[in-house]
Amino acid sequence: MTIPAPILALRDRGDDLRDRLTSWAHINSGSHHYAGLERMREALRLAFQPFAGAQIETVVLPGTPAKALRVRCRPEAPRQVMLSGHYDTVFGEDHPFQRCALLDTQTLRGPGVADMKGGLLTMVAALEAFEQLPEAVNVGWEALLTPDEEIGSDASAAVIIETARRHQLGLVFEPARSTGDLVQSRKGTGNFTLTVHGRAAHAGHIPNQGRNAIVALAELLVALQNIPAELPGVLVNAGRIEGGSAALNVVPDFARAGLNLRITRVADEALVRARLQTLLAPFQAREGFSVELTGVFDCPPKECGPAEEAVFAEWQRCGLALGVAPFSWVHTGGGSDGNLLSAAGLPNLDGVGPVGDGMHSDREFCRLPSLVERAQIAALFLSRWARGEISPLPQKT
Amino acid sequence: MSSTARMLERMAERESAWQLLLVRWSEVNSGSEHAAGLARMCAELERAFGELPARASRLAPAAGGRAPTLSVRCRPEAPFQVLLSGHYDTVFAAHDPFQRCKAMADGCVNGPGLADMKGGIAVMLAALTAFETHPAAHQIGWEVLLNADEEDGSHGSREHLIAAASRHHLGLVFEPSPVADDIVRSRKGTATLLATARGRAAHSSQAKTEGRNAVVALAEFLLAAQALNGEIDDIVLNVANCAGGGAVNVVPDSARAEMHLRSSRVAEGERAIARLREIAAMISGREGFGLDLAGGFNRPPMEAQAAVAPWVAALQTCARELGQTVVERDVASASDANFFAAAGLPTIDGLGVDGDEIHSDREFYRPASLGRRARLVALLLARLADGSLERPALRPLST
């Protein structure tokens, strides 16, 4: 496999990428910090400005002042790829973790350096090499960079799905695992509210007229813990609980829990729902109680199909040709916008960003050499796809 | 016609006025945590009791208290001193939907605090207003003591209650009657307990591996705690509230719940707390988890007092005269009578109105009971004042 010179030349860009990543990480872009998101979007606009023929557009999103950035190049080309990323981070404006530090010459610690400003930079660097290649005319690309992935992509989900539908392939620049592995599949997730109404009464006597909603909810929460053992691949998290009042001698008539459920396969959803109904039924039948579960699996699982298998095999081949240490791909419990791409029917490879770890904590770091390596792989893949060296991707029906 | 008979006759004329005043009080929200509402209620009471020939003073709450205890004192130099006690807070918060009174089909009235215990305060006011017209009234000194945090444990007022107990010979507490015309002989003690579960936070995708869910640990603790109700006779444990966690995609590392425990005997109460500590230790023994239990008994049990018997006999004599039957009852809920009894004051509790379903939006009282109770108390005071009923021996006061 011959490596085009501009892709080889990325090897000399290490210091430049490190400095750009540091400056991006120093712009706080917590999901709720709208002024910071705007500054980060402007930095991204400047990074995409040099691409001749690319149309840069700010996309207004419903229900939030935060906006997405869309960069589209050659929409008329025969092959179309969607490059997906988010520029928000989990670190709010007042979070203590705001600055980068070099842990060693190859490791940069900082907010968002892996998740996923490092991924955005990998995307930009890959395009900078790819756009120098004559075969680039055969591939049109559309980068959609969103401001709310860390808070569930509620505002940008519709535009992500709409964008996904006009492409043949998606590349999601979430970080690779610390082992270098990509993401083969992701769990789907749904947030639910479990509400119990009982009956208030003065708690002076046993028995009394009261029906304790907190105790009933506690029973339900303990029972829910059995679901992961019964349904492998399903996770249950009781993330929040509240109920009762400060009047300690009153039997509480209300309690509520917030649940986060995760499923591995699309088919798990029906199984989980059936299991939940079975669990809730005896509680709903209890005299004096009413039990309600609301919520939806709004983020379906990202399952791996033949198209993903084919793209990943090519990705590995490109890595091998570039001398990148071998990597595999793994299942992960966390969701990403890759789930939405899959839900829209777009085959996509996820975790194509740099290698890192410690995400969502002040231990987050990025392996600097992987910025170059992963950008080279992405550029080489696009080059080979543009030259017709990759067989047509299996299409979802 | 005797002075006493005239007093009772005049009381009948004012009965509906007291009932109207009670409705007005009920609709002034005075939830234990609603400082502005408590201030309004305190002002209402000051104005109402200000009609009596007595001196009102506001006793400042201890640190953390939201409103004063109102003391209305008359003839502190008289040889026989009676304490009449109640609370003007309710369990209904400012934002609770239950704020208004309404007449029920059976003649009862539904409303917040009507029975527990603004009705009892109305009984006191009606009884004392009548008694002060009696020519023998000068024989008795009395003090009305109304606190603002009984439903919250009386933490800000208990020092005032205990101090007041020592300056009286007899305590009358106007919590609602246990049933019909009955009164309260004993009450359970109450403990407030706070359970705090600790776990380890992680992203919810790592719920099975990294995470240690504090909400679930708390739920297990609460189920075991609730089961003590069947395990230990004579206790009542109520899981009253809980809070914990935050974003649902994070395994929560902290959760807490408050519990209320009642026991009529100290030994049983201590056994329950020891069992709770065992359960907490069992959960704390799990890797990555902790469960702390804080708190203890707040009001001591009120056991039946030998010294109160002659006073109850006198009350029953008056009741018979009025065609009422007063029976002593043992009840589960604690009141400030627990403090008075523990301080050695012979105390009769449950002298307030007849009602039920307290602490819920079904709370109601029987309007006729306001007048019945007021006549009973006014008659007891009149008979003890004019000597037409033999007065039980007075306990010596420390000061």
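User: Which residue in S13(A) is the bridge partner of A:Gly188?

Analyst: In this predicted model, A:Gly188 has A:Ile263 as its bridge partner in S13(A).

User: Why is S13(A) called largely enclosed by the rest of the structure?

Analyst: A residue is buried when its relative accessible area is under 20%. Of the 10 residues in S13(A), which covers residues 254–263, eight are buried, so the strand is largely enclosed.

User: What makes strand S2 (residues 69–74) of chain B mostly covered?

Analyst: Five of the six residues of S2(B) are buried.

User: Which strands does S2(B) pair with?

Analyst: One is strand S1 (residues 55–59) of chain B, joined to S2(B) by five bridges and running antiparallel. B:Arg58 stands opposite B:Leu70 in S2(B). Another is strand S6 (residues 140–147) of chain B, which pairs with S2(B) over five bridges, also in the antiparallel sense. There, B:Cys74 stands opposite B:Trp142 of S6(B).

User: How many helices and strands does chain B have, and what share of its residues is buried?

Analyst: Chain B has nine helices and 18 strands. Of its 399 residues, 57% count as buried.

User: Why is helix H3 (residues 34–48) of chain A called roughly parallel to helix H4 (residues 117–130) of chain A?

Analyst: The axes of H3(A) and H4(A) come within 11 Å and cross at roughly 15°. Angles under 35 degrees count as roughly parallel, so H3(A) is roughly parallel to H4(A). H3(A) passes H4(A) in a right-handed crossing.

User: Which residues make the contact?

Analyst: From H3(A) come A:Met40, A:Leu44, A:Ala47 and A:Phe48. H4(A) supplies A:Lys117, A:Leu120, A:Met123, A:Val124 and A:Leu127.

User: How many residues of each class are in that contact?

Analyst: The contact of H3(A) with H4(A) has eight nonpolar residues, one charged residue and no polar residues. Lys counts as charged, so A:Lys117 of H4(A) falls in the charged class.

Notes. Residues are numbered from 1 along each chain as its sequence is written. Chains are lettered from A and ligands numbered from 1 in the order in which they are written. This is a predicted model: local features need pLDDT of at least 70, side-chain atom pairs count only at pLDDT 80 or more; totals for chains, interfaces and linings use all residues. Side-chain values use heavy atoms; hydrogens and water are left out. Axes are lines fitted to C-alpha atoms, for helices over the stretch in contact, and angles run from 0 to 180 degrees between N-to-C directions. Helices (H or I, at least four residues) and strands (E, at least two) are DSSP runs, numbered from the N terminus. Angles under 35 degrees count as roughly parallel, over 145 as roughly antiparallel, 65 to 115 as roughly perpendicular and the rest as oblique. A crossing is left-handed if the near helix is turned anticlockwise from the far one by less than a right angle, and right-handed if clockwise. Contact means heavy atoms within 4.5 Å. Buried means under 20% relative accessible area, exposed over 50%, partly exposed in between (1.4 Å probe, protein chains only). Two strands pair if DSSP finds at least two bridges between them.
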